Amino acid sequence: MTAIRGWTALPLGKRPGGRWAVAARWIVCDTPGGRRLVENGEVVIEGDRILHAGRPFAGDLSARFDMGEALVTPGFVDLDALSDLDTTVLGMDNQPSWQKGRVWPSDYAAHPREMYTPEELAFQKRFAFAQLLLNGITSALPIASLFYRAWGETVAEFEAAAQAAGETGLRVWLGPAYRSGGIVLDDHARMQPVFDEARGLAGLREAAAFAERIDGTHAGLVSGLFAPDRVETCTEALLRETFARARDLDLPVRLHMAQGQMELDTMRRLHGVTAPEWLDRMGLLSSRLIAPHATVATPEDLARYAANGVTVAHCPLVSARHGAVLRSFSVLRTRGVRIGMGTDTAPPDMVLNMALGLMANRIACARGDAGSAAEFLDAATLGGAEALGRADIGRLCPGAKADLAVFDMADSRIVPRIDPVQTLVYGATGRVTRATIVDGRVAMRGGEVAGIDLAAARPRAQAQFDRLVAQYPDRTWGHPPVETIFPPSYSPGETP
């Protein structure tokens, strides 16, 4: 057996081969008696599976990689993982959103267009997948905005996404987003819902064929997903057909609902009820449904979620950036609502996401004992796995998939250390992620990601984003210049 020091020795993009171990100061292990923190332990991997997790292994090994002062956890399961160049960041200091290109004016809605080329759409997914791996995320349900699209997502770009997942080594659930309609602004800047149900059903048929064809490909890294767009853009026929097809193929459905005031107002205008009540009346709430973000869910809506096994994808960072908060993580747990975590923004920093979630939860609960670092880590791993019906991810135990993340606990910026899990969540960010292993393959090591040259990709991503921003006047009510839509923090000018 060869003993090797540190993550820099891990073979990027490959499985080391044979039976090998990742050793570290701390390992978060899952046992029949519950989750445990093992000091000076190791995870033994053979092929794509974990053979052992816990105390030092007594059997033969081909290699042992000693991570030193590090914490090894199950890889994060991101139920709402950004797969484009994040446009939500444009709205953090620029409100209201309807004046900032996030609701189309009627003249643009009559002739919408794709604002990215097919090559750009493919690139942004590969780039986004790399960002997820840099932050210890091993399983992801990608999400992208439809505001800059002609209508919905295409099968072609998701074929490219599947290829990118296979080459970078990210475990994904993929399905192009589709919709029956949207909200547009009339000439007086009033929001009006518009629908084209036939177009939505055609998108669903294409998405279903893709999901059935892609499920289980790329050595099992790629699974199918139904991803209808936000609930207010869907008709009853579209959602009924979505859930029927999802049942037939036994695939999850991710539907954004109970997430904002515009949705709530639109649902009450169209149907006279909240989105969860609307789906409940149709008999569509079920354990296969993953519902971000629940920030405007009523107590009655939460009771519906709990009774039907719906999982809330909790995305505290992106919600807080826009002034919203889940009320609250602890309340949902008490009510029996299943909770997983999602990032839904850039950077997809799940560590920071958990920290913000903890703080927001304590403020919302108005008591100091609301929630813990361990509860949020469980939601970001076990909660996501349960939502997907997968007992073999989100945990480190014999027989589970070899999906794990390594965090540097020797970083001088996170001293003094408390407990390593608490220190990670309260005192660090995803930037201390040093290695991400998916399916027994080293997908990320020391800031490098398999399948992509990040040094070359970063300037390309910025240039692509800048070209998108330059097109915002076309789809903004009144068509003001970019400088008016997104003014700089400080006026440009020379110093005296």
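1. Residues are numbered from 1 along each chain as its sequence is written, and side-chain values use heavy atoms, with hydrogens and water left out. Because the model is predicted, local features need pLDDT of at least 70 and side-chain atom pairs count only at pLDDT 80 or more, whereas totals for chains, interfaces and linings use all residues.

2. Helix H4 (residues 197-214) packs with helix H5 (residues 236-249) at an angle of about 10 degrees, their axes lying 10 Å apart, which makes H4 roughly parallel to H5 (angles under 35 degrees count as such). In this contact (heavy atoms within 4.5 Å), the H4 residues include Leu201, Leu204 and Arg205, and those of H5 include Leu238, Glu241 and Arg245. The residues of the contact divide into six nonpolar, two polar and five charged.

3. Helix H11 (residues 350-365) and helix H12 (residues 373-387) pack at an angle of about 130 degrees, with axes 10 Å apart, and are therefore oblique to each other. Met350, Met354, Gly357, Leu358 and Asn361 of H11 meet Ala373, Phe376, Leu377 and Ala380 of H12; by class, this contact has seven nonpolar, two polar and no charged residues.

4. At the start of H13, a side-chain oxygen of aspartate 419 comes to within 2.9 Å of the backbone nitrogen of valine 421.

Key:
Axes fitted to C-alpha atoms, helices over the stretch in contact; angles between N-to-C directions. Helix = DSSP H or I, 4+ residues; strand = E, 2+ residues; numbered from the N terminus. Parallel < 35°, antiparallel > 145°, perpendicular 65-115°, else oblique. Nonpolar A, V, L, I, M, F, W, Y, C, P; charged D, E, K, R; others polar. Polar contact = N/O pair within 3.5 Å; in protein donor to acceptor, adjacent residues only side chain to side chain.
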